[in-house]
Amino acid sequence: MRQKPVPPAAAAGRLGVVVVGAGSLSTSLIAGVLAVRRGLGKPIGALTQLGYVAGPHERPAPVPVARAVPLSSLDDLVFGVWDILPDSVYRAAVKARVLDERLLEPLREELDSIRPWRGIFDPRYVHRIEATHCRSRQGHLANVAEIEKDIASFRKSAGIARLVLLNAASTETYQPVEDIHSDLKLFERALAADDARISPAMLYSYAALRQRIPVVNCTPSHAVDIPALVQMAEEMKVPVAGRDLKTGQTLLKTILAPGFKARALGVAGWYSTNILGNRDGEVLDDPQCLKSKEESKMAALKAILDPELYPDLYGDLVHRVRIDYYPPRGDNKEAWDNIDLVGWLGYPMQIKINFLCRDSILAAPLALDLVLLADLAARAGLRGAQDWLSLYFKNPTVRNGRQIHELFAQRQMWENEIRRLAGWTVNGRQA
């Protein structure tokens with residue numbers, strides 16, 4: 001049953017953003033917000049900043065999103081981070097080599113002041129990083145208590161009114177969803193027993209939910225999307241969203257595949273390969289971490305094309321995805337796609353795509369939107385998985401298990417919810 005939002009409370013006071021991981025994405029997000037605040041750049045890619053929605057029935061002209069609903073101002077955002085390396089956000093941003101140093105230099109003092117809290121490191125989940133700034137090995141409950149302590153200290157010292165937790169950590173090794181992840185009581189029992197099947201990403205999510213803090217999972221790792229934590233989010237009346245930001249190659253798939261389907265063009269094969277050289281790429285060089293990413297990237301195409309319904313067009317589809325770590329490329333990922341189309345009378349055609357994208361430049365505005373919209377959802381009384389935020393994810397966390405992957409269908413669902421939260425009619429009905 002769809003939740004009926006209450007009119008969102010005003011976005012009064014400072015919004016704290018606690019981020020797991022000070023890598024390419026999070027440093028691009030934090031430095032980018034500071035740059036926009038100082039007029040050093042524009043928030044391109046962020047729908048909350050530059051997007052429009054259709055106005056109310058009586059005045060249907062497009063309205064800026066920020067005028068339709070009460071979003072937090074960028075001036076009110078305050079950032080805190082956990083990381084397993086000791087670098088300040090400035091040093092981490094320099095090392096990430098996403099943003100030019102000439103952009104970072106005016107922001108240096110502010111970025112340098114954001115020093116990471118010690119992160120949780122479990123070598124069973126990340127193999128390719130040597131952690132030098134992590135908590136001493138201890139039980140799960142002790143780790144949860146430490147996370148809560150960091151959050152409480154940040155809330156008090158920065159004068160925070162509300163919080164959102166953003167998981168932007170390195171991809172963890174593949175973790176199937178098992179019995180202990182399926183129910184909150186089983187999960188909490190496993191938590192007390194220090195069960196190895198509970199990952200650091202799950203611990204951060206659990207600690208945030210205990211504090212009634214919205215959680216957004218930007219990574220392919222299983223975190224707040226597991227059934228036990230979605231159940232907890234419902235019970236604690238907290239909105240959650242994830243999993244794995246839809247940025248480059250998968251973004252193109254969710255644009256192109258619906259077009260092929262709309263025109264009844266067949267697809268015999270879709271081969272995708274990527275090279276990237278940032279810290280995420282280094283972590284993905286481990287086959288077990290790569291498996292987490294591949295699982296997420298493979299989800300969309302089959303769901304969009306629906307080969308069971310269209311066996312003549314997609315019944316024999318061959319879909320392959322590869323990701324290779326290539327250090328010289330850094331954060332400037334390159335993606336190649338070969339699409340084998342089938343046309344009239346079975347005649348073959350091909351499309352070749354070479355996307356030279358910037359991974360974190362595409363991801364940072366999505367993360368900003370998700371922070372502001374998760375906070376909006378919390379102020380409107382929404383809880384549990386937020387299907388309307390599927391627009392941002394490769395493998396969206398949804399309430400009923402029925403994912404929508406077509407980009408424009410996701411965009412319409414997103415706009416409908418914004419208009420509902422604005423109190424306007426949607427499809428002729430009062431929100």
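Student: Why is D112 called partly exposed?
Tutor: This is a predicted model, so the value is computed from predicted coordinates. D112 has a relative accessible area of 23%. Buried means under 20% and exposed means over 50%. D112 falls in between, so the label is partly exposed.

Student: What makes D112 and R115 a salt bridge?
Tutor: Their side chains meet at 3.8 Å, N to O. The cut-off is within 4 Å, so the pair counts. R115 itself is exposed, because its relative accessible area is 51% and the limit is over 50%.

Student: How many salt bridges does the rule give?
Tutor: The count comes to 25.

Student: How do you know that R197 and D195 are on the list?
Tutor: Their closest N and O atoms are 2.8 Å apart. That is within 4 Å, so they qualify. R197 is partly exposed at 26%. D195, at 17%, is under 20% and therefore buried.

Student: Which helix holds both E415 and R411?
Tutor: Both lie in α16, four residues apart, about one turn of the helix. E415 is buried because its relative accessibility is 13%, under 20%. R411, at 22%, is partly exposed.

Student: Which residues are joined into one network by shared partners?
Tutor: E178, D179, D195 and R197.

Student: Why is A228 called buried?
Tutor: A228 sits in helix α10, residues 227–236. Its relative accessibility is 0%, which is under 20%, so A228 is buried. The C-alpha atom of A228 is 8.0 Å from that of I180, 48 residues apart along the chain.

Student: What makes helix α9 mostly covered?
Tutor: Of its 11 residues, 10 are buried. Among them are P200, M202, Y204 and L209. Just after α9, R212 takes a positive phi of about 60°.

Student: What is the volume of the largest pocket?
Tutor: About 790 Å³. Of its 33 lining residues, the closest to the centre are P43, I44, G45, I361 and P365. Helix α15 gives the largest share of the lining, eight residues. The lining divides into 23 nonpolar, six polar and four charged residues.

Methods:
Residues numbered from 1 in each chain as written. Predicted model: local features only at pLDDT ≥ 70, side-chain atom pairs only at ≥ 80, totals over all residues. Heavy atoms only, no water. Buried < 20%, exposed > 50% of the residue type's maximum accessible area, 1.4 Å probe, protein only. Helix = DSSP H or I, 4+ residues; strand = E, 2+ residues; numbered from the N terminus. 1 Å grid on protein atoms, 1.4 Å probe; cavity = no way out; pocket = protein on both sides within 12 Å on 5 of 7 lines; lining within 4 Å. Points joined across faces, edges and corners; volume = space filled by probe spheres on them. Nonpolar A, V, L, I, M, F, W, Y, C, P; charged D, E, K, R; others polar.
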